[in-house]
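Colleague: Please take me through the terms used for this model, and set each value against its definition.

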Amino acid sequence: MTSETISVKKLSLQLEQAIKENTQQRSKYPDEPLRFEESEVALDQAIQDFRSIASFPELFEQIQIWSSIIGLLGHENTDIVVDVIHLLNDFCEEDETENLQWIDHWVQCGLLSGLISAMERLDLSQWDEASGFYSGLSILENILELNPRLSTQLAKDTQLFSLLTRYLNPSISNISLYCSEVLAVVLQENDEIREYFGQLGLVANILKAIDPYRKHKVNESEVVEMVENLFDCLCSLLFVSSNKDRWIQLEGIELCLDCIRYQQQFRHAALRCLDFAITRGPFVGKRFIQLGGLGILFAMFCEKSKKCSMVLTSQDTEHIVSILYFLFQYSDEKYRLMKKFIENDYEKLKRLILLHKKYEDKINMASDSKKDIEQDELFLLRWEAGLYTLELVDTILAQLVEFADKSEPNLIQVVWNLLREHQIEIQTIEDILKEFAENLEPTDDKSSSRRILYLAQDFVQKMTLLEGFSNDLKQQLE
């Protein structure tokens, strides 16, 4: 069958007539299903016939009955509802940018609330209705892809969040996975949506869905992907400070620490989640330290653990460095942090220096790979090579030197010795810190910028002083 042989007008009239006839029969014989059964069969057939148009996007603009079709999402018969959801999904799956116009028309016809209400009525223990629910999720995914701006309306004007979090259940793994995917997409959109989700009290639902896997290996790939999506949801939610408070109260830190200790599958996701939480989250950092997080974090930092194999990715290392940086920024346990870098013959300090060398080399290699490019392009290359992580590493190093002045003066000497051993120039660290301070300016965080500039100056003074002593001593020996 070709588009020429399909009469949109004919199929539209047929469907409109079937809807009208069924509505009249149901109204006339509300308590006698057999009396309106024939009209229901005719309506079902008219819907199936109308679905044939979905294969011909060039005909879509001729359709004038979307309001009537979307109205069927509230039909008393869930078989009809499922048919309509499948129909809408057929039309929605056509990957055409011009579809945006009729998607907006659907929304004006009440699609969002109608679809969510319809999906809430479906019984997922029934295969046909579960299939309809899955098609409903597909519609939502396609709508959000075509018009992400609808995320806020969908989140705040419907029961979307309660619907999606209700089915984060591994017994329906394919639907649970899809729910987690759609949820992750919506929560990525903006802080207004994230705040609203937290106000609904649904952060607990995500933690509850992850909880069974905090210590046990998962064999089903759908469940693994679902849990990773839920960690993505948490990372999005933790952009909002009020959600950090909720997350702490719901023992989100404990869950992440358990995943890092016992669950190799989700260790990376849990570490990333902690990074998002501790970033500009002083109360999170304090609770993290109280729960023994430093021991777990530094075991990863030094790539050793007695309980499990410890293989760090570059992303893991960058998350750990970020966590350490913000712990130094906001924690009142700075002395305790510094002591960690001193213990075991300065092994963590040595690791920090090695990270500086590693990222400095990567950035230099990236810079040398391109010649005669604009400064913005060069900065982007350096950023992708790990500039931000190098800035954090050097800030941590400068803070250690500053804080050790009175309490642990030997640390300053050890830093200077390590810099010489690895042929790291003092000027390089100063330049990195100054650039970091400059990069912070657009964020209006001027106090942080001034603080980093002070650390750069303090670091250079102390290292230069030691270098002067070394040169004097060398001349005396000669």
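**Pocket, cavity, core and a buried aspartate**

Modeller: The lining of the largest pocket divides into 11 nonpolar, 10 polar and six charged residues. Here Ala, Val, Leu, Ile, Met, Phe, Trp, Tyr, Cys and Pro count as nonpolar, Asp, Glu, Lys and Arg as charged, and the others, Gly among them, as polar. This is a predicted model, in which local features need pLDDT of at least 70 and side-chain atom pairs count only at pLDDT 80 or more, while totals for chains, interfaces and linings use all residues. Residues are numbered from 1 along each chain as its sequence is written, and side-chain values use heavy atoms, with hydrogens and water left out.

Colleague: What makes a residue part of the lining of the largest pocket, and which lie nearest its centre?

Modeller: On a 1 Å grid over the protein atoms alone, a pocket is an open set of points with protein on both sides within 12 Å along at least five of seven lines, a cavity is a set where a 1.4 Å probe fits but cannot get out, and lining residues have an atom within 4 Å of a point. The largest pocket has 27 such residues, with Asp-275, Thr-279, Ser-322, Phe-326 and Tyr-388 nearest its centre. H19 supplies the largest share, eight residues; helices are DSSP runs (H or I, at least four residues), numbered from the N terminus.

Colleague: Which residues line the largest cavity, and how do they divide into nonpolar, polar and charged?

Modeller: Its lining consists of Leu-257, Ile-260, Leu-271, Leu-274, Phe-288, Gly-293, Ile-296, Leu-297 and Met-300. Eight are nonpolar, one is polar and none is charged. H18 gives the most, four residues.

Colleague: Why is Asp-83 counted as buried?

Modeller: Asp-83 has 11% relative accessibility and therefore counts as buried, the term meaning under 20% relative accessible area with a 1.4 Å probe and protein chains only. Asp-83 is found in helix H4 (residues 78–92).

Colleague: What joins the side chains of Asp-83 and Gln-48?

Modeller: A polar contact of 3.3 Å does. The term requires a pair of N or O atoms within 3.5 Å; within protein, one must be able to donate a hydrogen and the other to accept it, and residues adjacent in sequence count only if both atoms are side-chain atoms.

Colleague: Which residues have the most contacts inside the largest nonpolar core?

Modeller: They are Phe-91, Phe-231 and Trp-247, in a core of 170 residues. A nonpolar core joins buried Ala, Val, Leu, Ile, Met, Phe, Trp, Tyr and Cys residues through side-chain atoms within 4.5 Å.

Methods:
Buried means under 20% relative accessible area, exposed over 50%, partly exposed in between (1.4 Å probe, protein chains only). Helices (H or I, at least four residues) and strands (E, at least two) are DSSP runs, numbered from the N terminus.
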